[in-house]
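Please look over the sequence and the structure shown here, and then read the short report that follows on how its parts pack together.

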Amino acid sequence: MTTTLHEPELARLARRRAMVPYLLLLPGMAWLFAFFLVPILRLIGVSLQSGIYPNYEFTWQWDNYARLWTQYGGQVWNSLRFAFIATVICLVLAYPLAYFIAFRGGRWKNFLLVLLLMPFLMPFLLRTLSWKIILADEGLVVGTLKSIGLLGPNATLLATSVSVIAGIAYNFLPFMALPIYVSLEKLDRSLIEAATDLYARPTEAFRKVTLPLSMPGVVAGTLLTFIPAVGDYVNVLLLGSPNEFMIGNVIQSRFLNVLDYPVAAALSFTLMAVIVLMLIPYVRATGTDDLVA
Amino acid sequence: MTENGIPAVELDHVTKQFGEFTAVDDLSLSIGENTFFAMLGPSGCGKTTTLRMIGGFEDPTSGTIRLHGDDVTGLKPYRRAVNTVFQSYALFPHMTVAENVAFGLRRQKVDDAEIKRRVGETLELVQLSARGSAKPKQLSGGQQQRVALARALINHPRVLLLDEPLGALDLKLRKEMQIELKRIQQEVGITFIHVTHDQEEAMTMADSIAVMNHGRIERLGSPSEIYEDPRTPFVAGFLGASNLMHGTVSGNDVGLPNGAVIRLTDHQAARCNGHREVQIGVRPEKLSFYGRGTSENTPANRLTGVIADASFLGTSTQYLVEVPGIGQVAVVEQNLGEIHAPGEEVVVAWKPEHTFVVE
């Protein structure tokens with residue numbers, strides 16, 4: 001602006017500028033209100049109903065919530081256990097992978113990232129079904145493990161917790177690897193040089209500088225893996241048996257097969273609450289300020 | 001040099017190639033104990049690569065590097081008694097100032113009481129005692145710079161490497177830090193090797209300067225030696241301003257294209273060693289104006305021309321004088337008396353000892 005502005009005009013401009021952040025937030029907030037907040041409140045409402053399909057009425061049926069522990073404790077335990085083990089496996093596999101691509105990838109970096117994402121060009125169901133072939137009773141993996149004596153002669157992998165965990169870990173690996181890759185990629189290399197300049201051997205430089213500074217990626221990766229893995233039910237359906245049923249399978253069958261909406265809603269809501277309660281101390285301990293920084 | 005004459009740092013025919021590109025080309029250099037040594041040059045001249053080889057971050061393609069007489073070629077950075085102040089400071093963002101400063105001592109397993117004492121001492125040296133518990137992000141650029149310095153100095157390195165440490169600071173702070181760095185160097189009494197592209201910074205601080213170009217040292221010496229006798233056109237142009245002129249030598253005289261004869265000292269004439277065609281130079285502040293009528297007081301080297309441009313710079317005025325057959329000659333005069341106007345015909349003159357020959 002070349003002309004000088006009068007004070008009321010300046011004040012109006014300043015007011016308008018102060019509005020900008022809110023205006024930018026508006027679409028996102030509206031979306032969350034319509035498609036997150038409203039359904040959640042409705043879910044809570046449904047979870048306190050009782051009756052038989054299609055005649056439900058709101059009766060403060062708190063008993064629906066108790067079902068998670070009294071009736072489906074085993075499935076809840078499966079969910080948490082499988083998701084936890086798969087998350088650990090993902091972390092162990094993804095960190096070195098991301099480290100290698102970020103630090104040693106050189107001009108192959110983008111190519112390696114595409115390779116990492118390549119399986120995702122294939123539909124989810126096909127990807128998971130292919131594990132059925134890999135882990136089949138007469139397949140290569142089972143055969144090899146039997147021949148070297150790691151599996152007994154009558155043992156199988158399919159329809160066990162092993163195959164379910166393998167499927168979950170496989171499907172969520174990129175969600176772990178990508179955030180870790182990003183945090184390693186943006187790490188200032190001169191910090192590592194500074195550490196070695198200050199008498200840190202490579203392992204110490206990793207422990208004191210690289211690892212702590214990549215924690216935001218590790219936290220983001222574990223959240224992106226663990227949260228959806230707890231609620232997953234497809235891997236069990238395709239690779240497991242009813243023995244491995246997770247809480248997701250229960251919710252799915254309550255909603256779609258038994259049409260017991262109140263219990264399904266109560267289970268969904270409790271699962272969400274349990275995950276949030278579990279993750280608060282985790283995120284606290286690993287430093288949220290770095291996550292948002 | 002120490003009494004026993006072993007230099008703090010010695011580079012012996014060091015070459016570094018990155019693929020086809022030769023960053024440092026057969027460089028030999030020896031830096032004495034307790035000197036403030038500056039490596040000066042434009043970007044890409046090999047000064048930073050040389051520094052990184054001394055620090056151990058790059059291995060030379062060929063040649064030997066010695067620290068206090070010990071061959072350290074190929075030794076990792078954490079095995080060298082050398083510390084670095086990085087260009088962007090490279091402070092650990094997840095640690096406090098005190099933790100940053102203590103990092104080197106912790107790696108060397110120094111006991112806690114000793115670390116505490118030395119951190120306090122070093123923060124005091126850089127005047128940051130009050131900010132020990134702050135995170136680097138909370139400090140100003142100048143303060144971060146001093147943390148980087150403290151983090152290196154606390155280890156009592158025998159050589160401190162500084163990679164453009166003042167590059168990110170504004171002018172006023174840079175001037176303050178130049179004086180501060182010099183004070184600290186004298187206080188701790190170790191060799192500082194300072195890489196910079198700022199000629200004024202190098203001249204202010206360094207005892208000795210190596211001017212680098214294309215991976216080689218073009219000129220090595222004290223700031224005044226290099227300034228008064230740059231020896232190459234590159235150094236003459238990179239360090240301050242120069243008037244360079246082509247001419248033909250005979251004895252101590254150089255004939256210029258416009259017929260003027262410029263006198264050289266015996267020392268400078270000897271440097272022509274048999275060449276007929278040479279380039280001579282003189283610094284603008286060595287030139288003065290004289291009226292048309294020259295007297296015995298007028299210095300021997302004279303050119304006649306017309307003032308083309310005058311720029312007032314406060315303490316001095318810079319003139320451009322158009323000399324027929326030679327081109328424009330820059331003259332800087334202190335503002336003591338009259339200021340000359342463009343169009344005025346003048347004689348500019350200087351003493352033979354202010355004339356230098358460049359190769």
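## A helix pair in chain A

Helices here are DSSP runs (H or I, at least four residues), numbered from the N terminus. This is a predicted model, in which local features need pLDDT of at least 70 and side-chain atom pairs count only at pLDDT 80 or more, while totals for chains, interfaces and linings use all residues. Residues are numbered from 1 along each chain as its sequence is written, and chains are lettered from A, and ligands numbered from 1, in the order in which they are written.

Helix α5 (residues 124–134) and helix α7 (residues 161–185) of chain A pack at an angle of about 140°, with axes 10 Å apart, where axes are lines fitted to C-alpha atoms over the stretch in contact and angles run from 0 to 180 degrees between N-to-C directions. That makes α5(A) oblique to α7(A), since angles under 35 degrees count as roughly parallel, over 145 as roughly antiparallel, 65 to 115 as roughly perpendicular and the rest as oblique. Arg127(A), Thr128(A) and Trp131(A) in α5(A) meet residues of α7(A) that include Ser163(A) and Tyr170(A), two residues being in contact if their C-beta atoms, placed from the backbone, lie within 7 Å.

## A helix pair in chain B

In chain B, helix α4 (residues 141–153) packs against helix α5 (residues 171–188) at an angle of about 15°, with their axes 11 Å apart. That makes α4(B) roughly parallel to α5(B). The crossing of α4(B) past α5(B) is right-handed.

Gly142(B), Gln145(B), Leu149(B) and Leu153(B) in α4(B) meet Leu173(B), Met177(B), Ile184(B) and Val188(B) in α5(B).

## Where the chains touch

The contact between the chains takes 15 residues from chain A and 18 residues from chain B. On the side of chain A, the elements that give two or more residues are α8 (189–197) and α9 (202–231), and α8(A) gives the most, with six residues.

## Nonpolar cores

The largest nonpolar core has 76 residues, and Val101(B), Ala150(B), Ile193(B) and Val211(B) have the most contacts inside it. Such a core is a set of buried Ala, Val, Leu, Ile, Met, Phe, Trp, Tyr and Cys residues joined through C-beta atoms within 7 Å, and a residue is buried if 20 or more other C-beta atoms lie within 10 Å of its own. Apart from this core lies another, of 48 residues, among them Ala83(A) and Phe226(A).

Methods:
Left-handed = near helix turned anticlockwise from the far one by under 90°. Buried ≥ 20, exposed ≤ 12 C-beta atoms within 10 Å, placed from the backbone.
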